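I opened the notebook to look up how the chains of this model meet.

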Number of protein chains: 4
Amino acid sequence: MKNTLPPRKRRKDARPAEIIAAALEEFEVRGFGRSTLAGIAKRAGISRTTIYLYFDTKEAIFEAAIRSSVERAIDDVAEIAGSAEGDFGTFFARAVDLIYDRLVEGKAAVFMKILVAEGQFMPDLVAFYRREILSKGEAAIGALIARGIKTGELPESCRSEDVRVFMAPAIFAALWLRVFDKVDPLDIEAFKQAHVRLVVDALRGRA
Amino acid sequence: MKNTLPPRKRRKDARPAEIIAAALEEFEVRGFGRSTLAGIAKRAGISRTTIYLYFDTKEAIFEAAIRSSVERAIDDVAEIAGSAEGDFGTFFARAVDLIYDRLVEGKAAVFMKILVAEGQFMPDLVAFYRREILSKGEAAIGALIARGIKTGELPESCRSEDVRVFMAPAIFAALWLRVFDKVDPLDIEAFKQAHVRLVVDALRGRA
Amino acid sequence: MKNTLPPRKRRKDARPAEIIAAALEEFEVRGFGRSTLAGIAKRAGISRTTIYLYFDTKEAIFEAAIRSSVERAIDDVAEIAGSAEGDFGTFFARAVDLIYDRLVEGKAAVFMKILVAEGQFMPDLVAFYRREILSKGEAAIGALIARGIKTGELPESCRSEDVRVFMAPAIFAALWLRVFDKVDPLDIEAFKQAHVRLVVDALRGRA
Amino acid sequence: MKNTLPPRKRRKDARPAEIIAAALEEFEVRGFGRSTLAGIAKRAGISRTTIYLYFDTKEAIFEAAIRSSVERAIDDVAEIAGSAEGDFGTFFARAVDLIYDRLVEGKAAVFMKILVAEGQFMPDLVAFYRREILSKGEAAIGALIARGIKTGELPESCRSEDVRVFMAPAIFAALWLRVFDKVDPLDIEAFKQAHVRLVVDALRGRA
DNA sequence: AATGAATGAGGCTTCATTCAT
DNA sequence: CATGAATGAAGCCTCATTCAT
């Protein structure tokens, strides 16, 4: 029943997503500043002006891209939080796995890169990204820690800690991969494990 | 009498540094891509074309800026390594202090930001920055760990760890400050201490 | 009804030719080096940037102009060679008539002038012009001479002569007209006849 | 006695000539339009601004260069005309030799090239060059013809001929050498002989 | 819905030329 | 006499964006 829509219509509905996908490719390869509408259009296989039927500016495309990735992120957080059993180390490792997956695979890292570079000119998007994406991650980590405290694995003092310090290596790794990896490769698996070990050892040690 | 040098001449010697300083301001405020020679010139109080007497391209200015910051970085490393006494925690805290100083104060973070944004188009500079700046930091941290192992404070197993994971929160903080701080301020002092605690606790705990 | 094509579309097809025509005007008046895209655009009644929809660089415009004049040149040669009857003098006079026509009327002389001035920086175009234009002329003259030898009007020895010497006065006249004519006018008709007489007398005299 | 001037003075007197020489090199290599004062200064081994002590503009340098070559040209003409004996063919061949020498060797051809390219913007120089250089050549050829008529070698009808047609191949050769020679070399010696033969045969044939 | 045509704003860079020593 | 420093004018080119079909 959903497939009975005329192809024209289906096409129309798909366009924004196609453009966003094309734009993300372009952003990844050329950075945001150097990306051109011409490049995005070419990747999307459409004309430059067609983009204006769906988006007002280049920034609007980026905004839409960022927004379109929110739902999944929310699901992710739910996924992390939903898991039922295990000790803190296991949970944390799983959360970190997920985060690295997103970051290494792509979109999230592209967003980070662009926000680092151009965030000052997109305060709304920065706020949005922080609120919808990063803070979910923080909340998730915070929840893990709270659970660890409840189960007695972690000391009460951990509660007041700025959780961003526990996520920092992941962001670092994401950016390093995109910038310095060619000149000094980072073994992402080993790094991830070091990251987990660092946090788990530190927090457990305080008990 | 020593000051009787003709101002024109003195000017000339000072110009490159002035231009670099102006460029760094501009880069910091507008990012590299959006920076214009006109903006740099205005900040430096000179004409657009005067810049070309000293630098061939915008990239060249950035390169000069990055290179001009190397000497200090090297001194810093010496400073860290030179200190004589204390336990691992004290040493590491001092090193982290220094790193945050550089990163918060300015230049280094500006470079990081630009390299994140445009590094793919400046492979030479990425390599240079990594070699001359980042690897010094890594080496310093590695030396601290080696010393901790020798004094028995840290277990032998620490030696094989990727030291970048110990520096990551500093880089993270530097970028966060420039990007998300307005929307979610980061208490740099508290974060720094959390960073130190994280690493020290984790490494000590392994002993 | 055939004329109901949208003007926008018709425009598009005509644009390159319009731009070329405008450019030739500009080149003729200002020379190639001093010609500006702004000037060409103004002559064509379009915006500066519109030119870039059709040509990549100023050189490309010149190249297109030169190429667009080739077909006619080829036809000319056919025309000369095709004529059926007459003695060598008649043939040669007709060929010279044609050459002077082209040269005096315009394009060809403009090209010559530009190539003289800037040819060292456009080796491909020099080669192209020589191959597609000048050598046709040489071939035509050579054919006339061969015919003259066959009919017995000219001695066999003429065959080995460098035919460029027979065309030289035409090139000279073309350039003189553009450079020295104001200060020392050249009666083109008289000169042309002198040219014909010179060559015909010389070649016949050898018989 | 002339050599007792202080070296500073000698230097000063020599400067204009040095600059002119450097400029001619530059003009020859890069053409007039693309030549820069910076390039000329470098060739002359002096500073860009020093040129302004002696010349007001780039055009002024060219003008001085052209004027400085006049004396020699005048001498040349005298040389041609002064020779005492021989028939018309011999005389003409000698004159042509001389002309080709000048044209092939350099300065004169550089002037021609520049005037062809930029003459429309230097009407005074065009007039000057025509008057001081070209017309000398024409006069010399005219004198040769007059002498030929007097000695009975040439018919009276030659007198009314536009002598430029007799010089044209030389100009042609000079330009061809600078423009098309790489793509289609011209054997200058053979061409020169063909030129002489053409003119001599034609004029003699009329007798 | 889609597009080809067109353009204005703005960036980098070159160069002749002036200024002050 | 000579020059290093500095600049304004001007050119080429890119790109986001609008217009008209």
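**Entry 1: a bridge inside one helix**

I looked up A:Arg67 and found its salt bridge with A:Glu63, where the closest N and O atoms are 2.9 Å apart. For a salt bridge, I required a side-chain nitrogen of Lys or Arg within 4 Å of a carboxyl oxygen of Asp or Glu. A:Arg67 and A:Glu63 both sit in helix α4 (residues 58–68) of chain A. They are 4 residues apart, about one turn of the helix. I took helices (H or I, at least four residues) and strands (E, at least two) as DSSP runs, numbered from the N terminus. Over all chains, I found 74 salt bridges in the structure.

**Entry 2: ground rules and confidence**

I noted that this is a predicted model, in which local features need pLDDT of at least 70 and side-chain atom pairs count only at pLDDT 80 or more, while totals for chains, interfaces and linings use all residues. Residues are numbered from 1 along each chain as its sequence is written, chains are lettered from A and ligands numbered from 1 in the order in which they are written, and side-chain values use heavy atoms, with hydrogens and water left out.

I then looked up pLDDT, the predictor's confidence in each residue, from 0 to 100. Chain A has a mean pLDDT of 85, and 86% of its residues reach 70 or more. Where is confidence lowest and highest in chain A? It is lowest in helix α5 (residues 70–82) of chain A, at a mean of 66. It is highest in helix α2 (residues 37–44) of chain A, at 95. Residues 1–7 of chain A stay under 50 in pLDDT. For that stretch, the model has 2 contacts beyond four places in sequence. I counted a contact when heavy atoms lie within 4.5 Å.

**Entry 3: chain A against chain B**

How many residues of chain A are in contact with chain B? I found 46 residues of chain A in contact with 46 residues of chain B. The two chains bury about 4,200 Å² between them. Carbon and sulfur atoms carry 66% of that area. Buried area is the accessible area (1.4 Å probe) that two parts lose on being put together, summed over both.

Across this interface the rule gives 9 salt bridges. In one of them, the side chains of A:Arg164 and B:Asp184 meet at 3.6 Å, N to O. I also looked up polar contacts and found 14 residue pairs across the interface of chain A and chain B (both at pLDDT 80 or more). A polar contact is a pair of N or O atoms within 3.5 Å; within protein, one must be able to donate a hydrogen and the other to accept it, and residues adjacent in sequence count only if both atoms are side-chain atoms.

Which helices of chain A supply at least two residues each to the side that touches chain B? They are α1 (7–34), α7 (107–118), α8 (123–150), α9 (164–179) and α10 (188–205). The largest share, 10 residues, comes from α9(A). By class, this side of chain A has 28 nonpolar, 3 polar and 15 charged residues. I counted Ala, Val, Leu, Ile, Met, Phe, Trp, Tyr, Cys and Pro as nonpolar, Asp, Glu, Lys and Arg as charged, and the others, Gly among them, as polar.

**Entry 4: the turn between A and B**

I laid chain A on chain B by a turn of 179° and a shift of 0.0 Å along the axis, with an RMSD of 0.2 Å. That is the relation of a two-fold axis. In chain A, A:Ala202 has the C-alpha nearest the axis, 1.9 Å from it. The superposition is by least squares on the C-alpha atoms of residues with pLDDT of at least 70 in both copies. Of the interface residues of chain A, 100% are also interface residues in chain B, so the copies meet through the same surface.

**Entry 5: chain D against chain C**

The contact takes 46 residues from chain D and 45 residues from chain C. Across it the rule finds 9 salt bridges, including C:Asp184 with D:Arg164 at 3.6 Å.
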